Amino acid sequence: MSKTIHISSPAQFSELLQSSKIVVADFYADWCGPCHQVAPIYEQLSAALSRPDLVTFVKVDTEAQKEVAQAYAITSLPTFIVFRNGKTVDKVQGANPLKLQAIVKKLSDEIENIGTDAEASGSRSGAGSGGKWRGADLPRGYGDITDQIEQQRCELLNVDTTMGGVRVLFDGTKPSALTGGKDTSKDWVESDTDEQLMLFLPFQSMVKLHTLQITSIPPSDNDDEDAPTRPRTIKLFSNKPHNLGFDEAEDMSATQVIELSEKDWNAEGTANIGLRYVKFQNITSLVLFVVDAEDDSEKVRLDRVRLIGEAGEKREMGKLEKIGDEPGE
């Protein structure tokens, strides 16, 4: 039985690009002779390499699905496009079975690793074997780029110095508050004189930010009026050459304002915050401003910060002063 999926609508094609890590698409037409010649080879590749949610082979009739064909600028038939995480990575125009076979052979060499990655993603919200702890799953197609933070140049304002320093926010271990310990390691940060925190994050490379994951695990003692709570309002500012002052940030227009409520926090104490992706392209620094705290508390707590997206080329260190105020400047 053929494993190839025949696309019946643009929505179906879009959904497959999201649900399958790799999609191989054959754009054809019934009147196209070369399309019929190469079709048996394509079916053989599909039968050998298709894997549910990992590698999917599809056929797109360009006469019936003109919208899809136009979206990918199909000008000759057949055309084969290989998508990875929804993005075009290879393209073959014309009935060139040798080239198609070479591309798919390269693809087949990667499949085993893809399966391993998918298996590992199931445990990412816990303490993965040998991996970094994360309080929430990764969105499909994006990676944890927290390691792109230039930690030695980070700055955290209004922090209680009796607690952990800024680097504990990027620690790869599970927060001590979730391990049943006595929190003797102080692996979190708290605000000092009021509920606000100002965190400056410069990056080693230009990045694209898709998701912000913040873990905050306040003490369970509800009788302590001075206990810190979770953030409620967060402002994000992109591409600033240095940290902001609190008054300055209050008056400045933010790249994105985030309002958190009880339902945004999962069982691991983590809020998985989707960013306006179009506004977080070509990012070289991020300022995270915790404006206020849950329940109008006078102290706020952060245990971990994770940044999810894509990393680009590394830039020369110490050149943040040349960054514009907005992405792309």
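Is Tyr-72 buried, partly exposed or exposed? Tyr-72 counts as partly exposed, because its relative accessibility is 24% (buried means under 20% relative accessible area, exposed over 50%, and partly exposed in between, with a 1.4 Å probe and protein chains only). Please keep in mind that this is a predicted model, in which local features need pLDDT of at least 70, side-chain atom pairs count only at pLDDT 80 or more, and totals for chains, interfaces and linings use all residues. Residues are numbered from 1 along each chain as its sequence is written, and side-chain values use heavy atoms, with hydrogens and water left out.

**The chain as a whole**

- The secondary structure comes to 5 helices and 15 strands (helices, H or I, have at least four residues and strands, E, at least two; both are DSSP runs, numbered from the N terminus).
- Of the chain's 329 residues, 48% count as buried.
- Among contacts between residues at least 6 apart in sequence, 78% join residues at least 24 apart (contact means heavy atoms within 4.5 Å).
- Carbon and sulfur atoms hold 47% of the accessible surface, which comes to about 16,100 Å² (Shrake-Rupley method with a 1.4 Å probe; for residues, only the protein chains shown count as cover).

**Aromatic pairs**

- A search of the whole structure finds 9 aromatic pairs (rings of Phe, Tyr and Trp, the last by its six-membered ring, pair if their centres lie within 6.5 Å; planes under 30 degrees apart count as stacked, over 60 as edge-to-face and the rest as tilted).
- One of them joins Phe-27 and Tyr-72 in a tilted arrangement, 6.4 Å centre to centre with 50° between the planes.
- This pair links distant parts of the chain, 45 residues apart: Phe-27 is in strand S2 (residues 22-28), and Tyr-72 is in the loop between helix H3 (66-71) and strand S4 (79-84).
- Phe-27 is buried, with a relative accessible area of 0%.
- Tyr-142 and Tyr-277 make an edge-to-face pair, at 5.6 Å centre to centre and 75° between the planes.
- Tyr-142 lies in the loop between helix H4 (97-121) and strand S6 (143-144), and Tyr-277 in the loop between strand S12 (270-274) and strand S13 (283-293), so the pair ties together parts that are 135 residues apart in sequence.
- Ring pairs also link Phe-13, Phe-27, Tyr-72 and Phe-83 into a cluster.

**Charges over rings**

- Lys-59 has its charged end over the ring of Tyr-28, 4.6 Å from the ring's centre (this requires NZ of Lys or CZ of Arg within 6 Å of the ring centre and within 35 degrees of the ring normal).
- Arg-301 lies over the face of Trp-188, 4.0 Å from the ring centre.

**An open sheet**

- In the order S1-S3-S2-S4-S5, 5 strands form an open sheet with mixed pairing (two strands pair if DSSP finds at least two bridges between them).
- Strand S1 (5-6) and strand S5 (87-93) stand at the edges with a single partner strand each, so one side of each has no neighbour in the sheet.
- S2 and strand S3 (residues 55-61) run parallel and are joined by 7 bridges, and Ile-22 stands opposite Val-55 in S3.

**Around Leu-275**

- Leu-275 is placed in the loop between S12 and S13 and counts as buried, at 11% relative accessibility.
- Leu-275 and His-210 are 65 residues apart in sequence and 5.4 Å apart in space, C-alpha to C-alpha.
- Leaving aside neighbours within four places in sequence, Leu-275 has contacts including Leu-209, His-210, Ile-258 and Phe-280.
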